[in-house]
Amino acid sequence: GVAGVDLNRQWAEPSEALMPTVHHLKRVLRSHASNDQLLLFCDLHGHSRKHNVFAYGCEGSAKSGTRWTCRVFPTLLAEGCELFSLPGCSYKVLRSKENTSRVVVWRTFGLVHSYTLEASFCGADFGTAAGVHFGTRELRQMGAAFVPALLALTDPAQTRVNTILAALDPEAAAPTNPTAGPAPPASDVDLPATAEPAAGAGGR
């Protein structure tokens, strides 16, 4: 940005003069949230160290009721695209990431489905694309899986969502609405002091 800073570390209090894109995007999100129209937030990034396509999410504590819900959308992405690495995903909320878009949106608007979707500059290390750098074809393949995952997430019957939740946490197998539920207070969130696993310098 014009301030010479990483814009994805300025989401807590973005200056309208120095970070206008972040400032105004946050206003748009607030408007949608006030009308109960904010379903999911996803910031798209390139990653310089880890392989594959993967997501970072925001995990609350067990008593918050959102620990497993935040994993539903990444699971749907993995089902729809062979390039997506579910084991590569991380849901821990670290102190070093408190000012990033996904964490600020999660905390500010109580949005369980707040993510950073990372596509590696190094390509894939598994499947048919192993050893190959991602090109337009691979990125479009990932993009083509995004909308079907959204449709499954918002399906009124919640068929696939409840199946995934039951597999993740058998004790929470009862039908649920994964788009609901406020973010837990800060005291309920796991905040380890260590870095995200293998996030490296390119982690967001």
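1. Helix α1 (residues 20-34) packs against helix α3 (residues 101-109) at an angle of about 35°, their axes lying 11 Å apart. Axes here are lines fitted to C-alpha atoms over the stretch in contact, with angles from 0 to 180 degrees between N-to-C directions; helices are DSSP runs of H or I with at least four residues, and strands runs of E with at least two. The contact (heavy atoms within 4.5 Å) joins Lys26, Leu29, Arg30 and Ala33 of α1 to Val104, Val105, Thr108 and Phe109 of α3. Five of these residues are nonpolar, one is polar and two are charged.

2. This is a predicted model, in which local features need pLDDT of at least 70 and side-chain atom pairs count only at pLDDT 80 or more, while totals for chains, interfaces and linings use all residues. Residues are numbered from 1 along each chain as its sequence is written, and side-chain values use heavy atoms, without hydrogens and water.

3. Mean pLDDT (the predictor's confidence in each residue, from 0 to 100) is 85 for the protein. Over residues 182-203 pLDDT stays under 50. Where pLDDT is low, the predicted coordinates should not be read in detail.

Methods. Nonpolar A, V, L, I, M, F, W, Y, C, P; charged D, E, K, R; others polar.
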